Amino acid sequence: APETDIGSFEVTTVGVASRDVYVYWRHIPEFMYNGDNFNYQVTVYENGVPRNLQANETTSAYARFTGLSLNSYRFRIVSANQEGFSKGYSEVNVPSNSKGLAEPLSFTKIAFDNHIYELSWKPPATNRAISSYTIFWCDNSKDRPYQCTGTLNWTRVASDVTIKNITVPNEKIYQFAISANTKTESSGMVWASCTVIHNKILGKMKSVWINRIGSTFIEVGWKLECSDRIGVVTGFLISYCPIVSPHNPQCKVEAKNTTVNGDGMTIRGNVTNLTPYTIYMVMVAVMTKNSIGQWSDRLYNTTLEAAPDMSPLNVTVSDVTNTSMLVQWAAPHSMNGVLRYYQVHYNEKFRKVEAMEGSHHAPTKVLLDNLNSYVLYNVSVSACTVACSLQSPALQVRTAIGKPGKMADPTVNFVNSSQVGIAWQPPKYPGGLLDGYQVKMEMIDDTHNITDILNFTGNQTQIPIEDCNSGGPHHDYFFSVRAVNYANDTAYYGPWSDAGKGHCFTAGGDLWFIFWAGVCLICVTCVFIVAILGKRLWERYEQMRTVEVKLPPGLAPVIEKASDPDYYSQLNLYGWGSAQHEEKKAINPPDQELLLQKKGVERETKDHDGSSVGEGEGDGDSSGCSSGHESVASSLTAGTHISSDSGTEADQLHDKRTTSLDGFSNTGSPATSLRQRNKATSGSSDSSTRWERGEPYVMLGGSSGSSSCLVKSTPNLGEVEGGMTGYSLLGGVAGAVWRPPVTASGYVSLPPAMSGPAPPMYVAHPPCWAEKEQAATSPSKGYV
């Protein structure tokens, strides 16, 4: 199998997520091929997993794989011929990109006589411990950057060695490479880019240029060719100086040198602390261990502009008046660029003095006008190119006395009906010492316009006027004020302020003010009281709306069931057998529905249908519901059996009613709580009969031999069965059966409350039923 070393590979990064890898080995001599079709086979493992990857190029010395990922790889190399593969193999491990070891730096080879090469390098910039370096060489027909296809040889040196001499056997061209190794991995091979001849007369550097320029620096760039090197590069030397002019490239002063430490990979250097807007000459030479190379060709360039180093000189101020002054100065010695303008600063303002068109020079004086009188000004000057210099030392100059500035409106206050108080503030710009003030008073009424000017020295005064009580209530007064300065027998008057207005004071004015103020106060108080009362009434109304109606404990469950819309549908009272039920009527709450209030409406509907009333069996209304024309007394006599015993009869009646609801037409007699009303004739079949629920009120009549009302001492209000929908309290005497008497008007008379304890008596009443087609006049109604 071919031999390899831990570092016999080269990694070339192609993209962000891919790379090319060269795997090198020492090829087997031809006499060891042992057969025809000799070749090398490389198996690839990515992250320890076999991959079916084929080399893009395979020679006798290396195999090239392109577009590999950044993962770790293991390459297994075997030799093969037509007889098969070699028994042994070699492996080269390429670490992942994130765990790769840094390469040695500045690897250089220098050719000496007698086939000796001096190799030098710098340790890699890494914190990982380097255990050794491997130096590779192979013979080839051409030097780098061509790939070597000859025999690869190598040797290892210790980690503290940075220079090594290698002797090769002949005059062939040899390529050299080096790798840095730890105990488990390697950086891979770094090839020397060219061969340096040690005794060659070195020419000047050819590839030199200006990278960047600033106002105080120049960055020089270069490319060092192999032919420009005479040994191990230790740095570069830059020489520079300002020249006299573009037409005279001689240095103004002696040239200076700047050393840039580096190696053959260094490609740039900076020259700093230069003068802005100055033409400089620059040259570069390479430095080795033994000598300095020749200077490159000269380069010329101009540094950029900057602010002048100095401020303008000899600033003076003259011809000062109360509104102007003349400022003069001299240009700074070093402008550091093209002068654009000067700036003259005076207090918080400044004025530009620009250069004349077509000239690099600007005037060095300016007249500052429109100044405020008697103001202390700090005057300074700066020169500006692309930026402005520092300001010159400030000169303090005060303008002469002049006109004061405009004053604010005076304050007008009527002291009484014949005297006005006036007050004012000094002007913002006094313009002098403010020797006095003038007040202008104007009195305007329906017929007069009188103006008067008064002189004062203070900031307030009182001015007498005509008594308002005698002059009438329509006088208006206007007051304006201005300041006055005096200088050289000249008075300087400032502008009049805006007028302050005042109305004539009258004796009755205060009374009217008090009157209207009292009226407003009363109105506000009334509105406040009405708002509070309205709020309280509303809160009381809301409380009354939410008062809960509480019923006696015995009636509460029945009322709750009767108010439930599904209550009657659960009783299955709307239709039996083939009979069709009518639409369920809306049920009002018990406190909103009158007893028997729908009885007349139902019968009017039946009269409209043209149906006749069928008579049932027995004396009176055999259905157990009063028809209206039968007296309550006869119903009581014919069908009501009131008993104080709440057991036997009540239970029997309950059983009968349950049977009647389950099968109405099977008993031969109607149930006590229902009456059948036939259409047209009584011989109609049951299938043509329609039934309708009536109101649940107490019925005290029924057919003979049946009991339609049941009296109990204790009502069963929590249970509804056999058609019973509730009980009515009738009262009674302990130990006796009480029957209510009937009056001539058809109402049941209830006796007053008994003295002493007596068990209450309840009457059970079933729901009323009426035939849909019944036609009758509205009957009188009976109530309990």
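Arg 340 pairs up with Glu 305 in a salt bridge, with 2.6 Å between the closest N and O atoms. Arg 340 sits in the loop between strand 27 (325-330) and strand 28 (341-346), and Glu 305 in the loop between strand 25 (299-302) and strand 26 (313-318), so this pair ties together parts that are 35 residues apart in sequence. Arg 340 has a relative accessible area of 35%, which makes it partly exposed. The model is a predicted one, and it contains 13 salt bridges.

Another of these pairs is found towards the start of the chain. Glu 3 forms a salt bridge with Arg 26, and here the closest N and O atoms are 2.8 Å apart. The link again joins distant parts of the chain: Glu 3 belongs to the segment before strand 1 (9-13), while Arg 26 is in the loop between strand 2 (19-24) and strand 3 (39-46), 23 residues apart.

Arg 74 and Glu 91 form a salt bridge with their closest N and O atoms 3.3 Å apart. Since Arg 74 is in strand 7 (residues 73-81) and Glu 91 in strand 9 (residues 90-94), the pair ties together parts that are 17 residues apart in sequence. Arg 74, at 23% relative accessibility, is partly exposed, and Glu 91 is also partly exposed, at 29%. There is a further partner here, as Arg 76 joins Arg 74 and Glu 91 in a network of salt bridges.

Zooming out, the secondary structure amounts to seven helices and 45 strands. Of the 784 residues in the protein, 40% are buried. Among contacts with a separation of 6 or more, 69% are between residues 24 or more positions apart. The protein exposes about 42,600 Å², and 52% of that area is supplied by carbon and sulfur atoms.

What lines the second largest pocket? The lining consists of 37 residues, with Ser 106, Phe 107, Trp 191, Ser 193 and Met 265 lying nearest the centre. Two or more lining residues come from each of strand 1, strand 10 (105-111), strand 11 (116-122), strand 16 (190-191) and strand 19 (218-223). Strand 10 gives the largest share, five residues. By type, the lining splits into 20 nonpolar, seven polar and 10 charged residues. The volume of this second largest pocket is about 770 Å³.

A few spots in the backbone deserve a look. Most residues other than glycine have a negative phi, and most peptide bonds are trans. The bond joining Arg 144 and Pro 145, however, is cis, with omega at about 20°. Pro 145 is in the loop between strand 12 (132-140) and strand 13 (152-158). On the phi side, Asn 314 has a positive value of about 55° despite not being a glycine. Asn 314 is part of strand 26 and, at 64% relative accessibility, it counts as exposed. Asn 488 also has a positive phi, near 55°. This residue is in the loop between strand 38 (476-487) and strand 39 (490-493), and its relative accessible area of 76% makes Asn 488 exposed.

Terms used. Residues are numbered from 1 along each chain as its sequence is written. This is a predicted model: local features need pLDDT of at least 70, side-chain atom pairs count only at pLDDT 80 or more; totals for chains, interfaces and linings use all residues. Side-chain values use heavy atoms; hydrogens and water are left out. A salt bridge is a side-chain nitrogen of Lys or Arg within 4 Å of a carboxyl oxygen of Asp or Glu. Helices (H or I, at least four residues) and strands (E, at least two) are DSSP runs, numbered from the N terminus. Buried means under 20% relative accessible area, exposed over 50%, partly exposed in between (1.4 Å probe, protein chains only). Contact means heavy atoms within 4.5 Å. Accessible areas come from the Shrake-Rupley method with a 1.4 Å probe; for residues, only the protein chains shown count as cover. On a 1 Å grid over the protein atoms alone, a cavity is a set of points where a 1.4 Å probe fits but cannot get out, and a pocket is an open set with protein on both sides within 12 Å along at least five of seven lines; lining residues have an atom within 4 Å of a point. Grid points are joined across faces, edges and corners, and a volume is the space filled by probe spheres set on the points. Ala, Val, Leu, Ile, Met, Phe, Trp, Tyr, Cys and Pro count as nonpolar, Asp, Glu, Lys and Arg as charged, and the others, Gly among them, as polar.
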